[in-house]
Amino acid sequence: MNATAVRSAIRIAGLHKSFGDHVVLDGIDLDIREGSIFALLGSNGAGKTTIVRILTTLLKPDSGSATVSEFDVVSQPARVRESISLTGQFAAVDEILTGRENLIMIAELRQVRSAGKVADDLLARFGLADAARRRVSTYSGGMRRRLDIAMSLIGNPQIIFLDEPTTGLDPEGRIEVWQVIQNLADSGTTVFLTTQYLDEAERLADRIAILHEGTIIVTGTLEELRKLLPPTKVEYVERQPTLEEIFLAIVGSDKKEQR
C-alpha cells in the first residue's frame, strides 16, 4: 500500500433517510479526503442539514453506511464524536460572558488542560485578543461567528462541520469567516461545509457536491463542474462560467428531466 496515499476523512455509501412519506435522502454516496474543504451545495430543504446530523451522530439513517475518521456513525458514535466538531447556522455563544470566558468554559467542560492558555491561544489565532475581555453582546456578527468556530476547535478535532456558517452575516463578516475556514484547511483540518451561497463554495471548496431533492446530482472540483457546460464563446474576453451558472444549468436540466 502506498504510504502517501490520500486518506478519506468521510465516506458515505447508499445513505437513505425519510421522515414519514417524505424522502429526504435518496441514496447518497460521497468520499471526502482528509485536509480538504468540501462544500455541499443546495437550496433550502435539499437535505444538507440532514446529512450533517447523520454524520455527527445526531440522527440515524434508515439505510446505507457512513464513516467519519474511519468510525461508523451508527455502531461507533462515541468515537465519531471524539474526532469531530459541529458549528450550526447560528453562533452558540453566551452573550453575557466575555469571549475568553466562553472559551474557558468550553475547555473546562471538555476537560482540556490549561484552559486559560488554550483560550488565549485561540483568541490570538482568530484575531480576537483585543476583544477577549469584552462581553460577547458587544461583538459584531463576524466576531461572534469567529468565536463560535474557535470554541468548536477546543480539543483539536480532526473534522469540523460548518452548517451554513455565514447565514445572516454582512459581507465583511462573511469574508472574516471565509479566512478562518481557509486557515483551518491550511492547518490540516478537514472542513465539511454546507452552504446556499454559490460564491462561498466557489471561493473556498476543493470539491463541491450539488444536492437536489435528496440526491447528489453532480460532484467534482470547480473546473470539473465547468466542463459540464458548453465551451465559452470567445468574443473580446473569454469568461469562465460561475458556479451560479453551473448550478442553475444542472438543477434546471434536472427539473426538466423529471417532468
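1. Helix H1 (residues 48-55) lies across E1, E2 and E4. Its direction runs at about 120 degrees to E1. The model is predicted, and the points below should be read with that in mind.

2. Four strands form an open sheet in the order E2-E1-E4-E5. The pairing is antiparallel. Strand E2 (22-33) and strand E5 (71-72) stand at the edges. Each has a single partner strand, so one side of each is left without a neighbour in the sheet.

3. Within that sheet, strand E1 (residues 8-19) and strand E4 (residues 63-68) pair in the antiparallel sense. The pairing runs over 5 bridges. For a landmark, look at His16, which stands opposite Ser63 in E4.

4. Now the overall account. The protein has 9 helices and 10 strands. Of its 259 residues, 47% count as buried. Take the contacts between residues at least 6 apart in sequence: 66% of them join residues at least 24 apart.

5. There is another open sheet, of 6 strands, in the order E6-E7-E8-E3-E9-E10. Here the pairing is mixed. Strand E6 (84-87) and strand E10 (215-220) stand at the edges. Each pairs with a single strand, so one side of each has no neighbour in the sheet. The twist averages 15 degrees from one strand to the next.

6. Phe161 stands opposite Phe192 in E8. Two helices pack on this sheet. H5 touches E6 and E7, and its direction makes about 160 degrees with that of E6. H6 touches E3, E7 and E8, and its direction makes about 150 degrees with that of E8.

7. Which residues of H6 are buried? They are Gly173, Arg174, Val177, Trp178, Val180, Ile181, Leu184 and Ala185. Seen down the axis of H6, these residues fall within an arc of 160 degrees, so they line one face of the helix. An α-helix has 3.6 residues a turn, so residues three or four places apart point the same way. The face turned away from the buried side carries the exposed residues Pro171, Glu172 and Asp186.

8. The buried residues of H6 have several partners. They pack against strand E3 (37-41), strand E7 (159-163) and strand E8 (190-195). They also pack against the helices H4, H5 and H7.

9. The length of H6 can be checked. The helix covers residues 171-186, which is 16 residues. At 1.5 Å a residue it should span 22 Å, and its end C-alpha atoms are 23 Å apart, so the two values agree. Just after H6, Gly188 takes a positive phi of about 105 degrees.

10. Arg146 deserves a look. This residue lies in helix H5. Is Arg146 buried or exposed? Its relative accessible area is 12%, and the cut-off for buried is under 20%, so Arg146 counts as buried. A polar atom of its side chain lies 2.8 Å from the backbone oxygen of Phe126. Leaving aside neighbours within four places in sequence, Arg146 is in contact with Phe126, Gly127, Leu128, Glu176 and Val180. Val180 is also one of the buried residues of H6.

11. Helix H3 (residues 99-109) has its own buried set: Gly99, Arg100, Asn102, Leu103, Ile104, Ile106 and Ala107. These residues pack against helix H4 (115-125) and helix H5 (141-152). Just after H3, Gln111 takes a positive phi of about 55 degrees.

12. Last, a loop residue. Ala205 lies between helix H7 (198-204) and strand E9 (207-212). Its relative accessibility is 14%, so Ala205 counts as buried. What does Ala205 touch, not counting residues up to four places away in sequence? The contacts are Ile37 and Ala39. The C-alpha atoms of Ala205 and Thr221 are separated by 7.9 Å, with the two residues 16 apart along the chain.

Methods. Residues are numbered from 1 along each chain as its sequence is written. This is a predicted model: local features need pLDDT of at least 70, side-chain atom pairs count only at pLDDT 80 or more; totals for chains, interfaces and linings use all residues. Side-chain values use heavy atoms; hydrogens and water are left out. Buried means under 20% relative accessible area, exposed over 50%, partly exposed in between (1.4 Å probe, protein chains only). Contact means heavy atoms within 4.5 Å. A polar contact is a pair of N or O atoms within 3.5 Å; within protein, one must be able to donate a hydrogen and the other to accept it, and residues adjacent in sequence count only if both atoms are side-chain atoms. The expected span of a helix is 1.5 Å times one less than its number of residues. The arc is that of the directions from the helix axis to the C-beta atoms. Two strands pair if DSSP finds at least two bridges between them. Axes are lines fitted to C-alpha atoms, for helices over the stretch in contact, and angles run from 0 to 180 degrees between N-to-C directions.
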